[in-house]
Amino acid sequence: MKNQAVPYLTFDGNAKEALGFYKDLFEGEVIESQTFGEADFPTPPEADERIMHAKFKKGELFFMVSDTFPGQGLEKGSNISLVLELENEEEIQTLYDRLSKDGTVLMDLQDTFWGAKYGKVKDAYGITWDLNFTK
C-alpha cells in the first residue's frame, strides 16, 4: 500500500456545503474538486452540480468527499468508507478477492475513466473499502 487508509465521506447532494463547513472548521482548503457535470463520464443532468470527487487538506488532516447520484439514497451514520491506494494490479486484485469472499461487492473491480483500476467492497463486518490502483 502506498499510504494510510483515507477517510471518504459521502453526502446526498450537500457535499459542497459540507466542504465549506469543514474548510471553516479546520481552516483548511479544498485542494481538488470535480462535479459530475465536469467529468468525462455520462451522468444525468440533475447530477451535474453534485460533487463527484473532492479532496480536503489541513496539515496532516486529509480526507475525500463526494455526493451520491440523485435518488441513490444515503443512510446517515454509514456514509464513510476507507480508501486504499494500492501499489500494483496484483495487490489490488488480492485485496479485492479477499474482501469480496465473505463481503458484498458494491462496484466490480474494473478499469476506470480516471486511469485507475478501482473496486468497492463492503466487508463481512460492514466496513466499506474503496480500492484504487492508479496506472
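I'll start with T68, which sits in the loop between β4, residues 61–67, and β5. Keep in mind that this is a predicted model.

Is T68 buried or exposed? T68 is buried, at a relative accessible area of 5%. Its side chain makes a polar contact with the side chain of D12, at 3.1 Å. If we set aside neighbours within four places in sequence, the residues in contact with T68 are T10, F11, D12, F36, R50, G73 and L74.

Next, helix α2, which covers residues 89–102. Its buried residues include I92, L95, Y96, L99 and S100. Seen down the axis of α2, the buried residues fall within an arc of 120°, so they line one face of the helix. In general, an α-helix has 3.6 residues a turn, so residues three or four places apart point the same way.

What covers that buried face?

The N-terminal end of α2 is capped by N88. A side-chain oxygen of N88 lies 3.2 Å from the backbone nitrogen of E90.

Last, the surface. F21, L25, F26 and L61 form a nonpolar patch there, and together they have about 360 Å² of accessible area. Which helix gives the largest share of the patch? That is α1, residues 15–26, with three residues. F21 is one of the residues found in α1.

Technical notes: Residues numbered from 1 in each chain as written. Predicted model: local features only at pLDDT ≥ 70, side-chain atom pairs only at ≥ 80, totals over all residues. Heavy atoms only, no water. Buried < 20%, exposed > 50% of the residue type's maximum accessible area, 1.4 Å probe, protein only. Helix = DSSP H or I, 4+ residues; strand = E, 2+ residues; numbered from the N terminus. Arc of directions from axis to C-beta. Polar contact = N/O pair within 3.5 Å; in protein donor to acceptor, adjacent residues only side chain to side chain. Patch = residues over 30% accessible without salt bridge, like charges linked within 9 Å, V, L, I, M, F, W, Y side chains within 5 Å. Areas by Shrake-Rupley, 256 points an atom, 1.4 Å probe, with all protein chains shown as cover. Salt bridge = Lys/Arg side-chain N within 4 Å of Asp/Glu carboxyl O. Contact = heavy atoms within 4.5 Å.
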